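Have the viewer open as you read.

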Amino acid sequence: MSDDRIDPMNLTAQLHYNAAGNPPSTLPESAISNAYPGLEFDIRNIWRRLLVGIELHESDNYVVSADRGHENLVGRRLLSVGDHDVIGTVVGPIRPGAGSAPLTSAANPDGVMMLEWSNSLADVLADHVGQTVPCLFTVDPAPNPVGKPEELPDPRFQVVELEVRPLFAGSAATGGYLPVIAEELAGPGDLTRGLCSPWQNDYRECACYYWAASRPDYVNVEDTAMGTTTGNHWFAVHREPREYVLDDRFDSRLVSYDDLFQDWQGKLRFIVGGNDAPEHLDAGTEPKGDSR
Amino acid sequence: MTTIKELRVLPPLAIGRLGAATEPMDNYTCEVDPEQPLAPRRLRPAPTFRVDPDSGAITGADTPDELRFTDGNGRVRPVAPFLEVWALTSDDVLQPLTLDLLSANDLTPDAVRWRVEVGNHKIQRRTYDDLDKIDADTGWFSDHAPHALMGRCPHFLDDRFLPLGHARYVKPTPEFPGIRLRFTPAAGYVYGSRRPTDDIEDDPNVVDYLYDAAKGTWRGHADRAGDPRLTIPANIYAGDDGPKGTWVSRGYLDDECDGLVRVQLEVGGQELTAFGRIGAGPPAYAPDSIPIRTIADELDQALHGPSASDQDTLEHARDVAEEVLRRATETVRLMNTEVMNGNTVDGRVDAASTMVRQDTADTGRLYEPIVAPSLVDSAAVLALHQNVLAALRSGTAPWFADVLRDHDEVGDLTAKGRRKMPALMRGADGRHLALTRRQVELVRLAARQEIFRQDDESGETR
């Protein structure tokens, strides 16, 4: 075992505990949480059942199902919990030189968006577990985003009192929490259900690099005489010439969908220090073939 | 006598990583060079448990000479985490459950029982059909054999299952007396769908056909535009263009999963139980880098709340601030910032999927780069991060507190709003990334407290 003793109340130490023999890539700090939808987990799912009686969409303020007694909330939108809004406005310019204004559309006439649960419900979780809190819902089903009224009461909105569930399991011995997500919040399969099927598809489909520390974009980077840089796209089949091939799913210089489905293990390279790991260089510039 | 009062499984969330190599990934450490705090972290081989394939016992803990993430034959070495059982004892400490502690409670290792339940519910999430859930359950076991995680689904072809890896109760020995389970994830294969009556050629993309397309709707499924229950983003499955702009599923599935590891032990007539969580995802392809915002940050905020408290020392806040900056540097190092800024590159406008594109597509915002195109070459951006770290350390970066994006500013798509940090990245709500509120608060505390310290040292009043 890695350590001899831990203070049973020190939840941080338990959460970050690295068991003997485990590399750092087994730890939660190695997993991205800007989940859209995620890589290791779609961690947004842990918030769906925070309010007793309803199930929220993992990434929208939309009620997808409800227990008996709350069926009338299905299809409605949740706008605030206690004093905390779970939506925000979307503003910006639409023309060069123009000022900023709410960005509205036919599908989003109020120009609002849902704020991710992790941040928008953080106060609720900190202050109201086990208590009921006033939750503001639309009165009618609302498939599209809805803004919050300037004044309440408003006949288009209804306050419903709901209890806040603990996110973490409890300790019978200490009466406190354990650093493990409660079973009531997520069962087997819940933390990965929103990820791409298969995940290999998302590596090609998204072609966006918001997870560069896990799924690199720009590698083998070197300075140029111009004072700028050049390097390879991580998906480049060949590392020479050392140039960045702009993403294009039809460009044969880049790894394709079929490459990933059939042989992601042979096509993708580990990156250490920003460069291809030495084992890939040892093996030559061409990755070995089908791994199946 | 030290009596066992309660059990815990640590780590409470362990991540396995897929790979088809026979030998799991070796252990290593990932360390910051104190002399070069923004240089890539150093990976060093670390003592690695060798589990005897026959007995299930650990036979050694040697440190390999070098790290290799693949087996040299095109297969990735899976990351197979150990989960330990810890005991809260009558002396009110949490300590590892070992042979000695079991013995002190008149117990033997076979009194420990394990059960692993994992699921892959990706198909069900799209079709809403519970018969599309894929689940595996080892049942309770106390032996030291590998227990296959056989994912079963009512909509699979007869007698087929999805291999989701295996779990093994590592046999404790006097040399390695801890009670632990090892989760070895699956190989990372893609599987397909077919009807029993299909006379189709083999699809080279799949290793086998598991899903019965006559029983379920996954092959041919299309997310229905306008359905508010869809995943966000929607249409994230292997598919092909269909009629009326639909995206039609090929019926592929993978062998990722997540679930629970349960442990049970009867002590003095009382049944004690605990559980931890596991998951299986893709490899961390840049293992010396850490994402800016991680699941540990989410759980940390959920445990401690969004605000700093008396328990959060200035030293801790500084550590958090430096770590955030280090992680940002690691991301920038591996990101083509010129492209992600929305620059015109090689004559191509809108050259990639970026926040610039997403802002325009999702909201109608004016399409324009986020910061001045001339400023975003990777070398310049890296240098900027170096300068910020130096300023933070010298107490001359109070302004850094103001450039962080607040969680309720993610929809601020003004020019100034989009330039807040972290820049160029997408958050879990689809708009510009904000850190957790707790991260933001601690970074601000560090940045602002530096002024106080400087003032205090100079003897000036504020």
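This is a predicted model: local features need pLDDT of at least 70, side-chain atom pairs count only at pLDDT 80 or more; totals for chains, interfaces and linings use all residues.

Residues are numbered from 1 along each chain as its sequence is written, with chains lettered from A and ligands numbered from 1 in the order in which they are written.

Start with the contact (C-beta atoms, placed from the backbone, within 7 Å): chain A puts in 130 residues and chain B 141 residues. On chain A's side, helix α5 (residues 257-267) gives the most, with six residues. Helices here are DSSP runs of H or I, at least four residues, and strands are runs of E, at least two, numbered from the N terminus.

Now for strand β7 (residues 82-89) of chain B. Eight of its eight residues are buried, meaning 20 or more other C-beta atoms, placed from the backbone, lie within 10 Å of a residue's own. Both faces are covered: B:Phe82, B:Glu84, B:Trp86 and B:Leu88 sit on one side, with B:Leu83, B:Val85, B:Ala87 and B:Thr89 on the other. In a regular strand the side chains alternate between the two faces of the sheet.

Its pairings (at least two DSSP bridges between two strands) look like this:

| Partner of β7(B) | Bridges and sense |
|---|---|
| β1(B), residues 4-10 | six bridges, antiparallel |
| β13(B), residues 180-184 | three bridges, antiparallel |
| β8(B), residues 94-96 | three bridges, antiparallel |

Zooming in, B:Val85 is the bridge partner of B:Val9, B:Phe82 stands opposite B:Arg182 in β13(B), and B:Trp86 stands opposite B:Pro96 in β8(B). β7(B) and β8(B) make a hairpin with four residues between them, and B:Asp92 in the turn has a positive phi of about 60°.

Definitions and conventions. Two residues are in contact if their C-beta atoms, placed from the backbone, lie within 7 Å. A residue is buried if 20 or more other C-beta atoms lie within 10 Å of its own, exposed if 12 or fewer, and partly exposed in between; C-beta atoms are placed from the backbone.
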